[in-house]
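Let's take a walk through this structure together. Have the sequence and the 3D view ready as you read.

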Amino acid sequence: METAVTLFSVIYCFGFCERKFRSVHLTEGNIQAGLMDSSEGPAQRPVTLDIDGAGETLEASVPPQTDPTEAAFREESIDLDAEAFVSPQDDSSHSESLIDRLNDQMMESVMISDSPNSEEEDVVPIDSLLEQNEEKEKAKTPDGDTEERNEDLSTASAAEPEEASEALFKEENEEEKIVQVDDKRETIAPDDPKPEAPKTQDIELEIDTDTPPKDEAVPVCTIFSQAVQPKAQALIPDGFQPTLVKSPSFTIGNTETPNKLVPQVCQPSPSLSKFFTDNGAVNPATDFFDSFTTSTSFISISNPNAESPKTAVPPESPLLSAPTVAETVPTSTYFTPVATKPQVSPVEPMNKLQAVFPSGDDPFASALITSELDKRYDAWLPSEDTRKVLISVATQQISPVQIDREQLAMPGLKFDNLQGDAVKDLMQRFLGDQAAMKRQVLSASSVEQSFLGLKRLISTKNWRAAVDLTGKLLTAHGQGYGKSGQPTNHTTDSLQLWFVRLSLLVKLNLFQNAELEFEPFGNLDHPNLYYEYYPTVYPGRRGSMVPFSMRVLHAELPQYLQKPQETLDRLHRIKSVCQKILSNLQEGLAEDGSMMNLTQDNRLASIQLWRSRLSRVMYSMANCLLMMKDYVLAVETYHSIIEYEPEQGVQLLSGIGRIFLQIGDIRTAEKYFQDVEKACQSKGKTPNEDTSVLMNRAFVYLSQNNYADAHTCFSSVLKLDPKNPVANNNAAVCLLYLGRLKESLGQLESLVHKDPALYLHESVLFNLTTMYELESSRSTQKKQALLEAAACREGDSFNVQCLKLV
Amino acid sequence: MQVKGQSSVADKMEVNQAKQEHLLALKVMRLTKPTLFTNMPVTCEDRDLPGDLFIRLMKDDPSTVKGAETLILGEMLTLPQNFGNIFLGETFSSYISVHNDSNQVVKDILVKADLQTSSQRLNLSASNSAVSELKPECCIDDVIHHEVKEIGTHILVCAVSYTTQTGEKLYFRKFFKFQVLKPLDVKTKFYNAETDEVFLEAQIQNITTSPMFMEKVSLEPSIMYNVTELNNVSASYESESTFGKMSYLQPLDTRQYLYCLKPKPEFAEKAGVIKGVTVIGKLDIVWKTNLGERGRLQTSQLQRMAPGYGDVRLSLELIPDTVSLEEPFDITCKITNCSERTMDLVLEMCNTRSIHWCGVSGRQLGKLSPSASLSIPLKLLSSVQGLQSISGLRLTDTFLKRTYEYDDIAQVCVVCPYTSPES
């Protein structure tokens, strides 16, 4: 193997380089990347560069070193000592892998290992300084302190604990500035050959290793040796030195989960209605349902006519089925706008609720509309397996009792402990029991034990109590704690309760709990989650009992648990069903692809609904992609939503612009912001009068580090819309970056006290508490005042973490 | 990399201690760019149990985008939540606040912020003059900026000195340590073209943990070269980057940049004589991250070992790319004397398995003085189809009795001129 770099003629036509060029493969442990086949390779040397700070050369006039042999740029070159190879990921334990990293680095890089020693007198050697510091820290820190130190790390700013620094300060005062270089320094830079070694030395070394003595001895030199070619070529097809692969940070790249995209596309099933019509007989399994659960009355809340004898009449033909269903089943769900509102007294127990619902007096017309609405909203395309089961149930081939339990969704509560109130707990801790007593929030037991009470809890932001209440209601339905895996039947209401419960868990960031309770539902495609499974309870009704929003929630959940690919898979499945349903509608079929006749109005309404659902799914996809930092796809997806939601065009374009600002691509962001301005102009507004245009401008200024102009822009938004909370908050943030802490603080504080409804928001409070911490040592008292303010207004779902009290 | 500890969260015990000892409190916060608040949309339809409750809650939430509440990226700015990472070439900004926690007026306050690196100590304070007095509950604010130019441990040293009402002079310091990391990994590779051009391929890898927008990656050539960037594909109306529309690098992504360097005419003349290490230039890299956080680096001067041409350089001036089988074709060779002495050269042509030279082998080329060159036309034919290497040229310097061998000097594609068997 001949390894001369340069000394001999290498005559080459570049056009042929790529094909001919073979570098000798480096065996493991071979150092220095510059090895190559002298007879073949053009002088290619992968070199890891040392990076100088930009503008270093400007300072060349004050070189700290006196070595005349060094060129100016070398003097300025920065010491790549061991610290340099610490990967950004590991915060603490970099010393362990240090040796490995160094070894790796040795193999590929030309080290410029000397740092100019500053001759400034004030220099305190870092390590000695830190050592003292850390020692003092350890010595002075009592055990009880550790907890507080942890919290320090999690919050906003950066500083040594005061004790430690002050200890150090005293030390420093006693013996004025110790200047000494300790041993530790040298261990940190082990590849530092000599403190004064100039860079040229390294290069010489490199040449030495690269030039075999053989070549120098033989006067007649063979320039090309063909023997080596094929071997080398086989090893390195792309011409790069293999050392490139061994970059210290390279291995980390493999930790990313491979994109697993196995979309289980829902097979659009053929019309179910034809199976209903094929078989004239009714499914007589009426007794079946009662045997499952004692609280059957719960079922009938939304199906007051469930047991009516009329249900025995099946739809005769696909054409007739729609009106027939309407006639026979006036399933007025509670939530239907047309349904009469029930008057539920708070104390009434659950099983009496049934009586409250008006059961027989629904006018025919409203029943018809309701049924159309049901059909539209409940439409779904089950998977092939589920479809078969549903057909068998409908055609009485099997009774639901015979169906394998494995195929059924059997949910139950996974936890039944009460959620409590974190605000109250904090008040108890910081303000005492008496103050905590004043905190009055609704709890699950203090409201009506019904949907009405549930809604009250949700609207007053007592989501924890609302979760408790859904637990109670589900327990009444037989799906309580520990009931998971036991057969129950589902109703429209039970699934709505589950939906509300799981939504609230997600809203409360209790993702693990939500995942646990979602688990028995599988992929929401079990046969007993479809109305067809209950022909007697919901005669003639078809489609999914699972609300569409619950499917979206189910799809969105995994991304919060670091499984975004799963989220995308699920969303794609939903999307394909939406698209299939839309294409069915456009082809003149019913949602599920059956030959049912739809009136033009209904068809249009249905298309509108499913388009909005499709856009909702696309929103989720784009949001998920954004969280995955897949900006290309996220931007594309957001852009495609504009087609479905043209009235959100301005917001979407601005949002895309902000994504580009987040990446750092200000120029592209500005392009999108210009589109926003055009859109505003086309609406007849002048750009200076539009808040979104002004807001976008402010963000551009912010990205240009121009906080003063950004502040002006946010202020001009406030002239148009004085109550705009975003502009108020952002203006205050700009003030801080301008070094006007007191003003910024004063502004935010007065906003929170003047208009708590708008400003008791976690983002604003987080900013405010951060500024409190920066302002004075009495931040705790001020934060407690915020806690009190929050306690008067906010429900139990208030996120106390933004106050940074704990 | 987290800075150890933190001053702004003052735990209660320390507050007491600090109050006993000092009337002033020093707080420092790193000012990375603010972040945009992201919300978490949970929606339902109006027929669902919560009805319009969820959407109403989202509309009332000030952090959502009004009119498009399902969009997670809001407009609300939040202050930095932790120290974050800082990389070489970025700007370190910090808020320094000195607050009078006491109930007395403090005089002659001097706040000094220094940055101690492994090699030097820099003063970062905007002003070095003392503030004459500070009333209770008032503070002195300073925002410092520093472009980080060194890797490794940095310590921000903040010193405060002041005089109490009783005339007592007090002084305290605080240390804030942080690590500066390397943001990019740059590898380079040179290709020497036959025509004295040099191609530089630079691989730039993002070794930070956040996406990076590459605003500018350019090669600043040394005085000897002109540079052409080969990172754009020029379409009909505007040139498009080879990296596509989005010019950002995900963490650990690597991107390859290609540059072509041509020696300037005044240096090209002497190209045959350029030997040893030459300075090619340096890469200038500007990137941006979150909300325009900017970083800039230059590599050290890239050096290339100029290809050694030995004593005699043989290059090709003219060669067809495709030739017909068994049909003679012409090439023109240029022979340059790269040595310091005059040579007397004899050219020999040795046939290989596929290449057959036409003409007389062993012909005298005459004397060639240093740096002089001569062009000689040669005729040859190939007896084998396919891609054939031209080999077998031997130059002998009769003065020193040294022979130089030139094999694989170029390749030609040899095709059969008869396209179909009939013809």
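In chain B of this predicted model, 70% of the contacts with a separation of 6 or more are between residues 24 or more positions apart. Chain B has 33 strands and 3 helices, and 60% of its 423 residues are buried. Its accessible surface is about 16300 Å², with 50% of that belonging to carbon and sulfur atoms.

Residues 615-648 of chain A are 79% helix and 0% strand, with the end C-alpha atoms 11 Å apart. For residues 691-724 of chain A, the chain is 79% helix and 0% strand, and the end C-alpha atoms are 9 Å apart.

Now for the charged pairs. Side chains of opposite charge can pair when their charged atoms come close. Over all chains, a search finds 37 salt bridges. In one of them, A:R613 meets B:E45 at 2.6 Å, N to O. Because A:R613 sits in helix α25 of chain A and B:E45 in the loop between β2 and α2 of chain B, this pair joins two chains. Both A:R613 and B:E45 are buried.

Stay with chain B for another pair: B:R296 and B:D284 form a salt bridge, their closest N and O atoms 2.8 Å apart. B:R296 lies in strand β21 and B:D284 in strand β20, so the pair ties together parts 12 residues apart in sequence. B:D284 is buried, at 0% relative accessible area, while B:R296 is partly exposed at 24%.

Finally, look for a network of salt bridges linking A:D374, A:D378, A:R541 and B:R47.

Methods:
Residues are numbered from 1 along each chain as its sequence is written. Chains are lettered from A and ligands numbered from 1 in the order in which they are written. This is a predicted model: local features need pLDDT of at least 70, side-chain atom pairs count only at pLDDT 80 or more; totals for chains, interfaces and linings use all residues. Side-chain values use heavy atoms; hydrogens and water are left out. Helices (H or I, at least four residues) and strands (E, at least two) are DSSP runs, numbered from the N terminus. Buried means under 20% relative accessible area, exposed over 50%, partly exposed in between (1.4 Å probe, protein chains only). Contact means heavy atoms within 4.5 Å. Accessible areas come from the Shrake-Rupley method with a 1.4 Å probe; for residues, only the protein chains shown count as cover. A salt bridge is a side-chain nitrogen of Lys or Arg within 4 Å of a carboxyl oxygen of Asp or Glu.
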